[in-house]
Amino acid sequence: MNKTYLKILIPLVFLFLFTVFVYAGGSELNITLSGPPDNNWSITRNVNFTFIPELQTPGAFANCSLWTNYTGTWAITQTNTSVMSIVNASTSWINYTFAADKNAVIWGIQCYNTTTLSNWSNTNRTIYVDATAPSEMSFLSTSQANASWLNRNWILVNISVTEAN
């Protein structure tokens, strides 16, 4: 072998080994989102985000964090460091109370083990938070008058709703 060939081959071998090591490392920790389902509407601001973290190698979890775009920027919203509620291959949770109603909040989970290996949930989901009741509801003229008697098995109710969300 000539020296030029070795100069090219050696860095390529290291690059290959590094790539294989990094790829294999990411598969040791998997996070599957459980709930709420994608595109879910929550009528309360207090939401329980559930997920299943799985370590493929012996070890323990250091923490799991809920990431959202609630403030307009993708950032950690809540972190769970309680090893009692982060159980390998079992449903775990992070509870968060939104300060206000919000349309289309994207969320995901990131977990770390005790050796600083981390990974993200396999997908992100969207939740809509709308805990505010409609401010005004009125019956329109096409509805039957109160105390009407009609001989049929249906009734037409036409309502108008005013709502911020």
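Cys 64 is buried, its relative accessible area being 0%; here buried means under 20% relative accessible area, exposed means over 50%, and partly exposed lies in between (1.4 Å probe, protein chains only). The structure is a predicted model, in which local features need pLDDT of at least 70, side-chain atom pairs count only at pLDDT 80 or more, and totals for chains, interfaces and linings use all residues. Residues are numbered from 1 along each chain as its sequence is written, and side-chain values use heavy atoms, with hydrogens and water left out.

The partner of Cys 64 is Cys 111: the two form a disulfide with their sulfur atoms 2.1 Å apart, where a disulfide is a pair of cysteine sulfur atoms within 2.5 Å. Cys 64 belongs to strand S4 (residues 61-68) and Cys 111 to strand S7 (residues 102-113), so the pair ties together parts that are 47 residues apart in sequence. Strands are DSSP runs of E with at least two residues, numbered from the N terminus. Cys 111 also counts as buried, at 0% relative accessibility. The torsion about the S-S bond of Cys 64 and Cys 111 is about 110°, so this disulfide is right-handed. A search of the whole structure finds one disulfide.

Strand S7 also holds Ile 106, which is partly exposed with a relative accessible area of 34%. Beyond its neighbours within four places in sequence, Ile 106 is in contact with several residues, including Trp 67, Trp 74 and Asn 124; contact means heavy atoms within 4.5 Å. The C-alpha atoms of Ile 106 and Asn 124 are separated by 6.6 Å, although the two residues are 18 residues apart along the chain.

In the loop between strand S6 (92-97) and S7 lies Asp 101. Asp 101 counts as buried, at 16% relative accessibility. Its side chain makes a polar contact of 3.0 Å with that of Arg 45 and another of 2.5 Å with that of Thr 132. A polar contact is a pair of N or O atoms within 3.5 Å; within protein, one must be able to donate a hydrogen and the other to accept it, and residues adjacent in sequence count only if both atoms are side-chain atoms.

Val 161, in strand S11 (residues 159-162), is partly exposed, with a relative accessible area of 45%.

Definitions and conventions:
Helix = DSSP H or I, 4+ residues; strand = E, 2+ residues; numbered from the N terminus.
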